[in-house]
Each structure stands twice: as C-alpha cells, then as structure tokens.
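Welcome! Take a moment to look at the model, and then let us walk through it together.

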Amino acid sequence: MSAFTLSAAEWEVLGLSVKVALGATLLILPVGVFMGYILARREFRGRTAVEILINLPLVMPPVATGLLLLLLLGRESLVGGWLERVFGVRFVFDMKGAVVAAAVVSFPLLVKAAQLAFSGVDPRLEGAARTLGAGRARTFLAVSLPLAWPGVAAGIVLAFARCLGEFGATMVFAGNVAGRTRILPLAMYNAYQSPDGMGEATRLLVLSVLIASAALVAGTWLDRRGKKRLGRVGAS
Amino acid sequence: MTVLEVELKHRYDSGFELDVAMSMNAGRCALFGPSGSGKTSILKAIAGLLRSDHARIVVAGEIVDGDGLRRAPERRGVGFVFQDHLLFPHLTVEKNLVFGRPRTAKMRDEAFFRRVVGALDLGDLLRRRPHELSGGQSQRVALGRAILSRPRILLMDEPLASLDRALKRRVLDHLDRVTEEFDIPLLFVSHAQGDVLRLADEIVSLDDGRVVGQGPTAEVLEQEEREGRLNPLNLVEVTDVIEEKGVWRGRMGDQWVFFSTPPAPAGRPTYIRFGASDVTLARTRPDGLSIRNCIPARVERIVEPEGGGMVFVALEAGGRIWSEITPKARDELGLVPGAEVFCLLKTAALRTF
C-alpha cells in the first residue's frame with residue numbers, strides 16, 4: 001500500500017460516505033428548500049413550534065439525536081417496527097439508517113440557508129410575476145428560486161459537508177458496521193482506537209480534507225452554473 | 001363601456017382608512033391626489049396584490065373580486081407597471097418581455113412581440129440585463145412586458161414622477177403610442193396636475209382615502225380649482241411649430257404663440273405649460289412692451305376660490321387659458337364674462353411639456 005493509493009477498505013469507506021451524504025442531501029433538498037421558502041414568506045399558527053422542531057438537531061448533542069431516532073424508528077419502536085413488518089425497511093445497522101441520521105442533522109442547515117436566501121428576494125418581484133400571469137409554482141421556479149439560488153446552493157454544500165462529518169447520531173442510531181454504516185468519521189475513530197492505527201487515521205484525515213475541499217469547489221461551481229442555467233428557465 | 005368598477009374598503013393597522021367607489025369609462029384615467037391618499041393601494045387591490053377588508057372589482061364586465069370570489073393576480077388580466085419597474089434582475093430584457101406572454105398562439109405572438117418592441121424602441125436593448133438599463137429604458141421594458149401579457153387593463157404607478165422634462169416627454173410619447181396602437185385602457189396614479197391634464201381623459205380625485213371627485217379631466221380639475229384645493233394650470237396644444245431665431249412659435253387656434261423650449265418630435269403633439277400667474281391681462285393692446293405674446297381673448301367666467309384671495313379668470317383664446325389676478329385688478333379692468341381682453345405672456349415663461 002503506497003502513500004498515494006487507497007486500500008480496498010479505504011475505497012469502501014470513501015464510497016459509502018459519499019453515497020450516504022449524497023443520499024441524505026437529495027432526501028432533504030426538496031423539503032428543506034420549500035420549508036425555507038415558507039418560513040421566509042409566511043406567517044402561520046404554530047410557526048415557532050415548527051422552527052423549534054427543525055432546529056432541534058442543530059442544538060442537541062448528535063448522540064441525543066441518534067438516541068431519539070432510535071426511539072422513534074428503531075426495531076422496537078412503533079413506527080420502526082411497523083416499517084420493518086410491512087415494508088421490510090430497517091434502519092439500524094443499515095445504510096438507510098446512516099442516511100436518515102445524516103439527513104436529520106443536516107436538515108436545519110439547509111432550511112436556515114434557504115430561508116435566509118429567500119428573505120433576500122424582493123417579494124414584490126413575485127407579485128410582479130403573478131400580475132404577468134405566472135401562477136404560484138411558476139413564480140417560485142422562475143423567479144424566487146433562481147434569485148435565491150446562490151444562498152440555496154451554499155446551504156446545499158453546507159448540508160452535504162455536515163453529512164460527511166456526521167458521527168454521533170449515526171453511531172447511536174445506525175451503528176458502526178463496516179461497509180454499511182461506517183462512514184469516514186467512524187472509520188477514523190475506529191483506526192485511532194486500534195493499536196498502531198494512528199497512521200491509518202491520518203490517511204483518513206487527509207482524505208477527509210480532500211473531500212471537504214472538493215465539496216467547497218463544487219459548491220462554487222454549482223452557484224455559478226446554476227445561476228445561469230436556472231436563469232433560462234424563466235423564459236420558457 | 002365601463003372598463004373598470006371598484007368598490008374598496010380597507011382599514012390599515014396604522015388607522016388609515018380607505019373607502020372608495022369609482023368607475024372608469026375612458027381610455028386613460030388618472031388616480032389623482034396627494035401622496036398618502038391611497039392611490040397605490042387601489043392599484044394593488046385591483047391587481048389582486050392587496051387583500052382588503054371589502055372589495056368588489058369588475059374588470060371589463062367580469063367580476064374579479066367580490067361576491068365571495070377572489071381571483072388570483074395571475075387570473076385577472078390586469079397588467080401592472082410598478083413605480084420602480086420590478087424587472088427580473090436574473091433575466092435579459094428579452095426574457096423579461098416574454099415572461100408574461102401567453103403560451104398559446106405563438107405565431108400571432110411573434111408579430112405582436114415585434115410591434116411592442118417597435119412601439120417602445122426596445123430593439124437595441126433585448127440582450128441587456130436590467131442593471132444595465134437607465135431608468136427610462138427600464139420603465140419602457142416594464143411597460144412592454146405588461147402589454148405583452150395581453151392585459152384587459154393596464155395599471156401604472158406614478159409613471160411620470162421624478163422624470164426630467166426631456167425624459168417625461170419621451171415617456172408621454174410612448175404612452176400615447178401604446179395606448180393608441182394597442183388600445184389598452186390605462187389607469188395611472190399621479191400627484192401632478194400637469195401630468196394628469198396632459199395624459200388623462202378622466203380623473204378620479206382622491207384625498208385621505210376618499211374619492212372627492214370623478215369625471216372628465218377638465219371638469220374635475222375645475223371643480224377642485226373652484227373649491228380652492230388646486231390652482232389652475234395652463235396646458236395648451238400648439239400646432240405647425242416653426243423655429244425662429246432660437247425660439248419657437250406654434251399655432252393655438254388662429255393665434256401664434258412664442259415659446260422658449262424645443263417642441264415634440266415631428267408627428268407628435270406639442271403642449272405648452274405655464275402657470276395662471278404667468279398670464280397678465282390688458283383691456284387694450286399695449287404698445288412698446290418686451291412681451292412677444294399678446295393674444296386676444298374673451299372672458300368666459302371668473303372663479304373666486306372659497307375663502308377669498310386671488311381670483312381666477314377663465315379665458316377663451318382658441319384654447320382655454322387661466323389667469324390669476326387680484327380682486328382689485330378685476331374691478332379696475334371691469335372684467336365680467338364676455339369682456340374682451342389681451343393675454344400677455346412672456347416667451348420665457350412658456351415651456352413645452
């Protein structure tokens with residue numbers, strides 16, 4: 001094993017981490033962006049409760065979030081048991097569990113960023129779009145979203161990065177199973193805990209830095225390209 | 001035909017109360033009144049952008065608000081040109097223009113698009129972005145965008161406010177052109193008497209959330225003048241304009257009038273605007289004066305504002321001219337309806353509009 005090539009085990013960790021982070025980000029993307037829009041634009045009863053609920057995973061210790069998920073979706077729980085009996089869906093010791101854990105902890109970051117981005121869009125532009133015959137959906141897709149896009153893209157990158165960094169909730173809820181739930185931080189922790197594992201932990205650390213940098217570069221690219229691409233949607 | 005009927009009641013958190021009932025019959029109608037009188041709120045309510053306590057709004061014979069029905073803004077057929085235009089900053093001018101274009105009948109639309117672009121001189125701007133436009137250009141784009149959405153009525157919020165004289169003339173010119181060519185009724189908000197006199201066929205006059213007068217422009221303004229809310233303003237159209245030694249002269253009735261600023265481009269009407277206090281009256285044609293304009297006229301009537309002060313004399317001189325004089329001058333000159341006088345006007349005081 002040279003310094004510049006990854007071992008099979010490392011490839012596995014890397015692949016799993018990216019899969020989990022991508023899956024979680026895609027899972028929360030539509031709901032998170034829409035939620036951000038609603039919070040930026042609407043006053044409604046129970047708004048505070050909704051905001052608290054969304055932001056809870058941001059301020060709670062991740063381990064507590066994991067435990068909460070276990071109570072809600074674990075095999076012994078009402079919902080989790082039902083899901084397993086009816087659909088055969090299992091979260092614990094499964095990649096799906098890692099995805100759910102990552103999704104829950106990164107959700108508030110996406111919502112917050114999207115809310116901020118939509119708040120920066122002049123609501124009168126939406127009114128103008130409506131008087132031009134655009135319904136709510138088209139107004140959102142052709143005006144609000146493109147104008148909020150830089151902020152929303154930043155939120156997506158932030159959420160993705162948070163998924164990659166997930167440790168506590170995943171450990172408690174999904175477990176630490178090689179090939180299924182052992183994403184990068186868990187693998188790093190494992191290596192560090194094992195005798196003579198410091199070298200391996202350091203390799204994973206470097207990998208971690210590389211992925212994080214790539215995510216940031218991708219975010220900048222997404223911002224620029226997306227602005228142009230979505231700009232065209234409005235004319236169709 | 002009645003273009004628009006509006007009944008509106010709304011109480012704001014600030015305590016301001018809007019309670020209006022108005023109708024619009026003519027092609028160009030002004031919502032006229034001081035700022036804070038609720039003009040913009042009425043436009044917003046018509047467009048469906050303001051949820052009011054009570055509304056009954058009928059556009060071209062069709063109820064869009066009222067009777068338990070409240071149509072969404074996109075289903076009202078009401079075009080809106082906002083005071084700050086609200087172009088979509090992420091779209092080019094061309095994409096802004098076609099944003100509201102109906103999705104069907106593409107073939108006919110292409111020709112219509114070219115007509116609108118032509119009428120508003122937008123051809124050179126199509127590829128630009130909104131931030132690259134001047135205020136006047138951006139207003140034209142907003143106007144074109146609204147027209148291309150094929151509205152049944154066009155609303156404009158203060159289209160003539162804060163424009164310099166040259167720009168205002170171009171805007172008026174474009175407004176003339178599009179309302180004539182595309183035959184769209186226009187309801188616009190204005191607080192400036194001169195603008196209303198020039199552009200509107202009909203006025204709804206507002207004060208503090210209430211309608212204080214509505215009807216044909218001249219009648220409503222005159223009523224306001226009589227009630228002392230407004231001082232008369234002169235606006236006359238001149239034709240056959242020619243330049244002469246750095247000043248211009250144009251025909252008003254069978255009289256020539258000299259004025260000091262350039263006329264409208266060929267083919268467009270030229271209006272001259274001056275205050276009632278710029279008009280001096282004489283019973284006989286004076287001699288040896290520097291004043292170039294000496295126009296024979298007949299006194300139509302004399303208006304004394306409630307509460308006294310200066311009196312206003314309405315004169316027929318091939319066009320209506322108002323003169324503001326003291327009660328004492330009226331008595332000394334023996335001015336009564338039917339009296340023949342001469343209106344003396346300094347060329348420098350007459351400016352095109």
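## The overall fold

Reading along the sequence, you will find that chain A follows the pattern α-α-α-α-α-α-α-α-α-α. That comes to ten helices and zero strands, where helices (H or I, at least four residues) and strands (E, at least two) are DSSP runs numbered from the N terminus. The C-alpha trace of chain A spans about 70 × 45 × 30 Å along its principal axes.

Please keep in mind that this is a predicted model, in which local features need pLDDT of at least 70 and side-chain atom pairs count only at pLDDT 80 or more, while totals for chains, interfaces and linings use all residues. Residues are numbered from 1 along each chain as its sequence is written, chains are lettered from A and ligands numbered from 1 in the order in which they are written, and side-chain values use heavy atoms, leaving out hydrogens and water.

## Helix α1 and its partners

Start with helix α1 (residues 8-41) of chain A and helix α2 (residues 47-59) of chain A, whose axes come within 12 Å and cross at roughly 145°. Here axes are lines fitted to C-alpha atoms, for helices over the stretch in contact, and angles run from 0 to 180 degrees between N-to-C directions. On the α1(A) side, A:Met35, A:Ile38 and A:Leu39 meet A:Arg47, A:Val50, A:Glu51 and A:Ile54 of α2(A); contact means heavy atoms within 4.5 Å.

Now turn to helix α5 (residues 95-119) of chain A: the axes of α1(A) and α5(A) come within 6 Å and cross at roughly 35°. By class, this contact has 22 nonpolar, six polar and two charged residues. Ala, Val, Leu, Ile, Met, Phe, Trp, Tyr, Cys and Pro count as nonpolar, Asp, Glu, Lys and Arg as charged, and the others, Gly among them, as polar.

## Where the two chains meet

How many residues does the contact take from chain A and from chain B? There are 23 from chain A and 23 from chain B. The area buried between them is about 1900 Å², with carbon and sulfur atoms giving 66%; buried area is the accessible area (1.4 Å probe) that two parts lose on being put together, summed over both.

Two salt bridges are counted between chain A and chain B, each a side-chain nitrogen of Lys or Arg within 4 Å of a carboxyl oxygen of Asp or Glu. One of them joins A:Arg130 to B:Glu74, whose closest N and O atoms are 2.6 Å apart. On the side of chain A that touches chain B, α6 (123-131), α7 (136-164) and α10 (198-233) each supply at least two residues. The largest share, seven residues, comes from α6(A).
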